[in-house]
Amino acid sequence: MCGIIGYIGKRNAKEILLSGLKRLEYRGYDSSGIATINDNHISCTKSVGNISKLEKKLKKKSLPGHIGIAHTRWATHGAPLLKNTHPHFDQSREIAVAHNGIIENYDYLRKKLFKKGVRFLSDTDTEVLAHLISQYYKGNLSDAVRSALKLIEGTYGIAVICCKNPNEIVAAKKGSPLIVAVGKNEMFVASDIAATLRHTKKIIHLENDEMVVMRRNSFDIKTIHNKSVTKKIEEVSWNIDMIEKGGFEHFMLKEIHEQPESITNSMRGRIDEKHSTSKLGGLLVFEDKLKDIEKIVITACGTSWHAGLIGEYMIEDIARIPVEVEYASEFRYRNPILNKQTLVIAISQSGETADTLAAIHEAKTKNATIMGICNAVGSSISRESHGGIYLHAGPEIGVASTKAFTSQVTVLLLLALHLGRMRNTSKKRAKSILKELKTIPSKIKAILKEENSFKKIANLYSNKNNFLYLGRGYNFPTALEGALKLKEISYIHAEGYPAAEMKHGPIALIDKDMPIVVIATSDNVYDKILSNIEEIKARNGKVIAVANKGDKKIKKLADHTIYIPKTIDVLNPFLTVIPLQLLAYFIAVKRGCNIDQPRNLAKSVTVE
Ligand code: F6R
């Protein structure tokens with residue numbers, strides 16, 4: 001995710017901000033910028049790409065001052081271009097803002113400001129905030145920030161400076177992390193302790209709706225409703241490495257734990273309660289075409305392909321449109337049958353996968369409409385698609401995809417509802433799905449709390465050479481994903497199968513040394529999966545079952561039962577995949593594997 005650091009003190013702000021930005025690099029970013037105040041004037045330097053490029057520019061530019069703000073951006077609104085890089089300014093360039101989060105009503109505010117004569121220089125949601133603060137500014141920066149924030153819907157962690165108030169930084173938080181770090185004759189604000197730890201271990205965690213006014217030797221924290229709050233200064237004991245990973249041992253584990261939040265971010269601002277549907281701004285360009293599509297082809301690779309398979313089940317179930325799911329590497333070479341009434345959906349976390357990109361090119365030559373579902377804003381696939389939906393999952397650092405997968409499934413569900421409501425899906429059904437979808441983040445939190453019991457199971461089986469993963473219906477693609485996670489990070493051979501296919505071949509493999517993970521939620525194929533478990537047990541296989549809380553039948557049959565909360569069939573993949581991600585993770589840890597960078601794998605596969 002984006003990173004923020006602000007500094008006020010006696011030292012050279014530029015140096016401190018630059019070193020702070022370097023500490024935030026691990027979070028992933030596509031551009032960065034620094035703004036400082038000197039002689040009642042704000043100077044700013046920005047750069048797209050690596051921070052070393054910003055550093056190079058700064059060598060040629062002095063950027064003096066003892067107060068400033070800086071930002072690493074991970075694009076959400078607008079491609080990673082210089083004009084979209086933070087800090088952003090008001091028209092007079094007297095106010096500069098660095099912002100993390102998403103302003104949901106930015107389009108509405110932007111239009112309102114435009115009517116008042118404001119002209120925008122970027123495509124970002126953040127720039128709206130700089131102009132709004134300026135509109136309210138009458139000499140007191142915190143008052144202006146407070147008034148502007150009252151109009152904002154969405155999430156923010158912000159740091160604001162104004163050259164007419166050169167002795168203070170105003171910062172505020174709602175939904176995006178922000179801490180204040182207290183030094184000797186100097187103060188810092190940052191989205192992450194990693195950025196300030198070199199300078200001080202004394203920190204204050206800001207809560208939602210809190211705002212701080214920082215001066216060199218003092219600070220005031222109030223709510224955005226102007227009520228004073230007393231905060232405790234805490235002493236951090238972590239080292240820098242622990243902090244970058246949020247206290248987790250690996251990025252993969254951190255990202256698994258981030259899923260309640262990343263799924264919420266993928267849904268944010270996209271649910272239309274009134275009409276029980278979803279609002280997907282990136283599809284407006286071909287909204288009319290969506291009414292006429294006769295077939296959907298989903299194309300992707302790896303984990304994204306598994307998300308696509310779940311998408312197929314969801315779209316066919318909810319919207320009743322025929323869907324095919326194709327490996328991009330096959331699709332690109334097999335002269336697929338497409339026409340103007342075909343919608344091709346390309347799913348890619350990185351947005352740069354060579355095979356998926358080539359599949360888009362093939363589909364374009366056949367006049368299909370292309371929709372991209374990507375995490376990386378401004379990536380090649382998002383640029384080459386006719387329209388699309390971003391995941392807003394935040395950067396994924398671990399090579400094995402986890403939070404991007406559940407965000408892909410979130411977006412595909414929102415798409416299925418959108419297409420369904422344009423056709424025959426009843427308001428009642430859509431409403432009940434949306435209602436249940438909102439409970440998913442808290443249900444995932446409940447599963448994550450049980451991770452120690454998954455670890456115990458993982459430790460028992462970490463020395464095995466083969467695993468089978470079985471599931472039916474919505475749980476079949478999850479079985480494939482569970483097997484892929486295990487293969488890629490633990491190097492154990494694992495296969496996913498539709499449970500009933502077992503008797504057509506894989507059953508020959510089953511003996512006392514074969515662990516079989518069976519996803520057995522209480523759904524429409526529950527009785528069938530019980531029979532499959534009986535078949536495994538008759539051959540002495542070891543069953544690790546993923547079942548719904550309170551299921552006693554499974555407990556009697558399986559060797560180990562992982563309980564998860566109950567949800568509706570269509571949402572099962574969100575919950576069933578979590579224990580499978582954790583099982584793979586703990587097995588790989590026990591085997592001493594390189595979790596975040598498994599051998600032979602790359603985060604972005606840009607070669608064929
Ligand atoms: C598995 C994994 C890969 C990717 C695949 C596609 O954990 O990360 O299988 O899913 O390489 O990558 P994207 O989604 O970037 O197109």
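**From strand to strand**

Guide: In this predicted model, strands β9 (residues 179–182) and β11 (residues 202–205) run antiparallel and are joined by three bridges. Within this pairing, Ala181 faces Ile203 of β11. β11 also pairs with strand β14 (residues 234–235), again in the antiparallel sense, through two bridges. Here Lys202 has Glu235 of β14 as its bridge partner.

Let us go on to an open sheet of six strands. Reading across, its order is β5-β6-β7-β8-β12-β13, and the pairing is antiparallel. The edges are held by β5 (88–89) and β13 (219–223), each of which pairs on one side only.

Inside this sheet, β7 deserves a slow look. On one side, strand β6 (residues 95–100) runs antiparallel to β7 (residues 156–162), and six bridges join the two. You can find Ala98 opposite Ala159 of β7 in this pairing. β7 also pairs with β8, in the antiparallel sense and over five bridges, and there Ile158 stands opposite Ala172 of β8. β7 and β8 make a hairpin, with six residues between them.

Since seven of the seven residues of β7 are buried, the strand is largely enclosed by the rest of the structure.

What packs on this sheet? Helix α4 (residues 126–136) does, touching β5, β6 and β7, and its direction makes about 140° with that of β6. Helix α5 (residues 141–149) lies across β7, β8 (169–174), β12 (210–214) and β13, and runs at about 145° to β7.

Now for a sheet with the other kind of pairing. This open sheet has five strands in the order β23-β22-β24-β25-β26, and they pair in parallel. β23 (493–498) and β26 (560–564) stand at its edges with a single partner strand each, so one side of each has no neighbour in the sheet. On average, neighbouring strands here are turned by 20° against each other, direction ignored.

Within this sheet, β22 (residues 466–471) and β24 (residues 515–520) run parallel, with three bridges between them. Tyr469 has Val517 of β24 as its bridge partner. Helix α19 (residues 526–538) packs on the sheet and touches β22, β24 and β25 (542–548), its direction making about 165° with that of β24. Helix α21 (residues 572–590) packs on the sheet as well, touching β22, β24, β25 and β26, and its direction makes about 130° with that of β26.

Tyr469 leads us onward, to Gly482. Apart from its neighbours within four places in sequence, Gly482 is in contact with Tyr469 and Leu580. Gly482 sits in helix α18 (residues 475–490), and it counts as buried because its relative accessibility is 0%. Ala358 is 124 residues from Gly482 along the chain, and the C-alpha atoms of the two are separated by 27 Å.

In α15 (residues 427–437), the buried residues are Ala430, Ile433, Leu434, Glu436 and Leu437. Their arc around the axis is only 165°, which puts them on the same side of α15. Lys428, Lys431 and Lys435 are exposed on the other side of α15.

Helix α17 (residues 451–461) buries Glu451, Phe454, Ile457, Ala458 and Tyr461. These cover an arc of only 115° around the axis, so they lie on the same side of α17. Across from them, on the other side of α17, Asn452, Lys456 and Leu460 are exposed.

Finally, the ligand. It is surrounded by 14 residues, and the closest are Ser304, Ser348, Ser350, Thr353 and Glu488. From an oxygen atom of the ligand, a polar side-chain atom of Ser348 is 2.6 Å away. Lys485 places an N or O atom of its side chain 3.0 Å from an oxygen atom of the ligand. Val399 takes part through its backbone, where a polar atom lies 3.4 Å from an oxygen atom of the ligand.

Definitions and conventions:
Residues numbered from 1 in each chain as written. Predicted model: local features only at pLDDT ≥ 70, side-chain atom pairs only at ≥ 80, totals over all residues. Heavy atoms only, no water. Buried < 20%, exposed > 50% of the residue type's maximum accessible area, 1.4 Å probe, protein only. Helix = DSSP H or I, 4+ residues; strand = E, 2+ residues; numbered from the N terminus. Arc of directions from axis to C-beta. Contact = heavy atoms within 4.5 Å. Pairing = 2+ DSSP bridges. Axes fitted to C-alpha atoms, helices over the stretch in contact; angles between N-to-C directions. Near = heavy atom within 4 Å. Polar contact = N/O pair within 3.5 Å; in protein donor to acceptor, adjacent residues only side chain to side chain.
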